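Here's a quick briefing to read with the structure open beside you. We'll go through strands, helices and cores in turn.

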Amino acid sequence: MSKVSVILPFYNPEKTLERSVTSVLSQTFNDFELILVNNNSTDNSLNIASRFAKKDTRIKLLNEKKQGVVFASQKAFENTNTKFIARADADDVWHKDKLLLQYNFLKGNTKIDVVSCCVNYVGDVENDGMLSYVNETNQYLTHKEIVINRFSELQVINPSLMFKKEIALKYGFYREGDFPEDYEMFLRWVENGVKYHKLPEILLDWYDLETRLTRTDKRYSFEAFYKIKSSYLYRFLKENNPFFPNIVVWGAGKRTKKRTKYIKNSGINIKYFIDVDENKINDKEVISYKNIPEKGKIYIVSFVNNRGMRAEIKDYLLSRNYIEGKDFIIA
């Protein structure tokens, strides 16, 4: 029996599939099975996968008729026969030591359930939102850092993961819905106490192509992220906010107020807003950040989306002796 199962679902990736599969097969750690799942491809990618499967006995080639990465991934998962699972995508490239370093880490750190790695972003640098996202997530390595920042963004990039199969059996794998399946699974696993770690090495080239689902599918929109995180944020606040269900929201812009509707619908009460823009401050519904009370009087949830501003807000609250998680959270 192999030690690791690599799950790689694909749909029409004929331009990138060969390089991705080659990067998996070229790992310095070779005691693995690679499960390729064709999800109704109409291009030449099935022929490419079939050619690989005929040459390498480590490959299982399956088909999943039900359309969607959740169903294709589940098909692969049901056919795994190992204790460890690694995710791969059909447009990304693994560095040669990825499996070796991650497998050795999980074997040597039994209290960790999921190990990720830092990634190299390959994409449209002129539209640098994703580049900034990658640079930020590469900073958070420990479980504590990953978990405390979970409500701002997904802190472990999906094709970078290796995890214990027992975790997915116990808490569920990807779920289908009008939400990003990788982020929902991340929030669900963290909520259930699953332990994460990220290796400091860059072990994945993450390609941000025009065809990537995060660019084309409405389930990966900003609104979809806010909607799915609201229920998990509600339960976090219920457990960690001593003033529950009352919170104070940092950010009084129209977009921020629109996004708070999801958490208000779940039963959270917003006492007032905080902002830095003097034009928005009226000392009733919106107060100046300079006038926030000392710690221990309120619980602040920041809904500001700008990454630079998020960092400034966090630094300011820490300078006021607020404790992240206990007195405030970035969401």
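**Strand 8 and its partners**

Trp-94 sits opposite Leu-204 of strand 8. Keep in mind that this is a predicted model. That pair belongs to the link between strand 5 (residues 93–94) and strand 8, which run antiparallel and are joined by 2 bridges.

- On strand 6 (residues 114–122), the pairing with strand 8 is parallel and covers 9 bridges.
- Look for Val-122 in that pairing: its bridge partner in strand 8 is Tyr-207.
- Strand 8 itself (residues 196–207) is mostly covered, with 9 of its 12 residues buried.

**A helix pair**

- Helix 8 (residues 181–191) packs on helix 10 (residues 222–240) at an angle of about 5°, and their axes are 10 Å apart.
- Because angles under 35 degrees count as roughly parallel, helix 8 is roughly parallel to helix 10.
- Helix 8 brings Tyr-183, Glu-184, Leu-187, Arg-188 and Glu-191 to the contact, while helix 10 brings Phe-225, Ile-228, Lys-229, Tyr-232 and Arg-235.
- Sorted by class, the contact between helix 8 and helix 10 has 5 nonpolar and 5 charged residues, and no polar ones.

- Strand 9 (residues 246–250) pairs with strand 12 (residues 300–302) in the parallel sense, over 3 bridges.
- Within that pairing, Trp-250 has Ser-302 of strand 12 as its bridge partner.

**Nonpolar cores**

- The largest nonpolar core has 92 residues, and the ones with the most contacts inside it are Val-4, Val-6, Leu-34, Trp-189 and Leu-233.
- What does Leu-233 touch, leaving aside its neighbours within four places in sequence? Its contacts are Phe-151, Ile-263, Val-301, Phe-303, Ile-329 and Ala-331.
- Another core, of 14 residues, lies apart from the largest one; among its members are Tyr-272, Ile-274, Ile-313 and Phe-328.
- As background, nonpolar side chains in soluble globular proteins tend to be buried together.

Terms used
Residues are numbered from 1 along each chain as its sequence is written. This is a predicted model: local features need pLDDT of at least 70, side-chain atom pairs count only at pLDDT 80 or more; totals for chains, interfaces and linings use all residues. Side-chain values use heavy atoms; hydrogens and water are left out. Buried means under 20% relative accessible area, exposed over 50%, partly exposed in between (1.4 Å probe, protein chains only). Helices (H or I, at least four residues) and strands (E, at least two) are DSSP runs, numbered from the N terminus. Two strands pair if DSSP finds at least two bridges between them. Axes are lines fitted to C-alpha atoms, for helices over the stretch in contact, and angles run from 0 to 180 degrees between N-to-C directions. Angles under 35 degrees count as roughly parallel, over 145 as roughly antiparallel, 65 to 115 as roughly perpendicular and the rest as oblique. Contact means heavy atoms within 4.5 Å. Ala, Val, Leu, Ile, Met, Phe, Trp, Tyr, Cys and Pro count as nonpolar, Asp, Glu, Lys and Arg as charged, and the others, Gly among them, as polar. A nonpolar core is a set of buried Ala, Val, Leu, Ile, Met, Phe, Trp, Tyr and Cys residues joined through side-chain atoms within 4.5 Å.
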